Each structure stands twice: as structure tokens, then as C-alpha cells.
Amino acid sequence: MPLQYKVMALTIGMVCLVLLLAGSMVIYGIHQRIEEDISQRALNIGRIIAEVPTIKNAILSDNPSAKIQPIVESWRISTGAAFIVVSNMDQIRLSHPIVENIGTPLTNLYRAPVLQGQEYLYIAKGSLDPSIRANVPIFELNGNHQIGFVSVGFYLKDVYIQQIAGAKNVLY
């Protein structure tokens, strides 16, 4: 093979390799950015719900779900969250997108930080599909005593759909 063809093949190969690497880095950046945005959205929704006085008062009432469920469901629908679950300190669901699950214990997931008053993000599969989740503690109105927590989640399949759409925008 003549030298000029070897140089041309090497040049084309290097350009393709650089484009492939650059594209991979951009797509990975899109993936990270969307995951961070959705995680932050879940955390913000949880923080807002944890501060709603009606929810704080309802947790301590005789029939908390009757007051909490309609509020939380309207928030879930308007924010596009897959689920918003308010629970008491005994880890009993006071709200849930599947009404039959209200009043039942939460699945056995790691919740030590939120039970100790700390908010955190994680990815897990509980009774619903795998999702990015934010857990935020709920404190009494005076802020001294934790009375429950809220878990907000967005399904991973929906996150992946957004990531694929973002990658398509880069590729086309």
C-alpha cells in the first residue's frame, strides 16, 4: 500500500477516534446533568412539602392520610414526580400514589439518615419501579422534634428517556 494511503487511513482513523471520544464525553455530560437536575428537583419538592403546615399538623392528627393524600397527590401530578410518599416515624405510609398502600409499612430500604433528621438522595427500587429518590425529614411546626419524612421519586426509565433525547439532539 502506498505511503499516502497509509497516512490518509491513519488520519481518518484518528479523526474518527477523536469524534467518538468527544461524543462520548458530551453524552456522558448530558447523562450527569439530567440526573443531577432530577435529583435536585426531587430534593426541592421534598423540602417544600416538608414545610407545609397542613402536612405537619395532619401527621399528628387522628386521620392523617385524609388530609395529606389530596395535597400530596396534587403536588405529584403538577410536578411530574413518579411518587411522593409521606411517612411517619414508624415508617407507615400516610400518602402513596397507590391508594391501597396507604397505612402500610414502607419496604425495607436504607433510611437511617432521614430517620436521624438528615435529607439525602439515592437510587433504589422499593414497592415501585427503580427511581432517583430524595428523602427529607419533616419536623413539628416549632422545628424541635421530627415527626416523619417525605420521599419524592422520579423513575429511572423516565430519566433514561430524557437522556436519550438529549443525546439525539447532540448527534443530529
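**Ground rules**

I worked with a predicted model, where local features need pLDDT of at least 70, side-chain atom pairs count only at pLDDT 80 or more, and totals for chains, interfaces and linings use all residues. Residues are numbered from 1 along each chain as its sequence is written, and side-chain values use heavy atoms, with hydrogens and water left out.

**Entry 1: nonpolar cores**

I looked up the cores first. I took a nonpolar core as a set of buried Ala, Val, Leu, Ile, Met, Phe, Trp, Tyr and Cys residues joined through side-chain atoms within 4.5 Å. Buried means under 20% relative accessible area, exposed means over 50%, and partly exposed lies in between (1.4 Å probe, protein chains only). The largest core holds 28 residues. Ile-55, Val-86 and Val-150 have the most contacts inside it.

Which elements give two or more residues to this core? I found α1 (3-50), α2 (53-59), α3 (64-79), β1 (83-88), β3 (131-139), β4 (146-155) and α5 (156-171). Helices (H or I, at least four residues) and strands (E, at least two) are DSSP runs, numbered from the N terminus. α1 gives the most, with 8 residues.

A second, separate core has 11 residues. It includes Val-85, Leu-106, Ala-124 and Phe-149.

I then listed the contacts of Val-86 (heavy atoms within 4.5 Å), leaving aside its neighbours within four places in sequence. Among them are Ile-49, Ile-55, Ile-59, Ile-68, Val-72, Ile-138 and Val-150. Arg-93 and Ser-95 are also in contact with Val-86.

**Entry 2: the sheet**

I traced an open sheet of 4 strands, in the order β1-β4-β3-β2, with antiparallel pairing. Two strands pair if DSSP finds at least two bridges between them. β1 and β2 (120-124) are the edge strands, each pairing on one side only. Neighbouring strands are turned by 25 degrees against each other on average, direction ignored.

I checked one pair in detail. β2 and β3 pair in the antiparallel sense over 5 bridges. Tyr-120 has Asn-135 in β3 as its bridge partner.

Next came the helices on the sheet. Axes are lines fitted to C-alpha atoms, for helices over the stretch in contact, and angles run from 0 to 180 degrees between N-to-C directions. α1 lies across β1, β2, β3 and β4, at about 25 degrees to β3. α3 packs on the sheet and touches β1 and β4; its direction makes about 150 degrees with that of β1.

**Entry 3: salt bridges**

I counted 5 salt bridges, each a side-chain nitrogen of Lys or Arg within 4 Å of a carboxyl oxygen of Asp or Glu. I noted three.

- Arg-33 bridges to Asp-37, with the closest N and O atoms 3.4 Å apart. Both lie in α1, 4 residues apart, about one turn of the helix. Asp-37 is partly exposed, at 37% relative accessibility.
- Arg-76 bridges to Glu-73 at 2.9 Å between the closest N and O atoms. Both lie in α3, 3 residues apart.
- Asp-129 bridges to Lys-157 at 3.5 Å between the closest N and O atoms. Asp-129 lies in the loop between β2 and β3 and Lys-157 in α5, so the pair ties together parts 28 residues apart in sequence. Asp-129 is partly exposed at 33%, and Lys-157 is partly exposed at 48%.

Is Met-1 buried or exposed? Met-1 counts as exposed, at 71% relative accessibility. Met-1 lies in the segment before α1. Met-1 and Pro-105 are 72 Å apart, C-alpha to C-alpha, and 104 residues apart in sequence.
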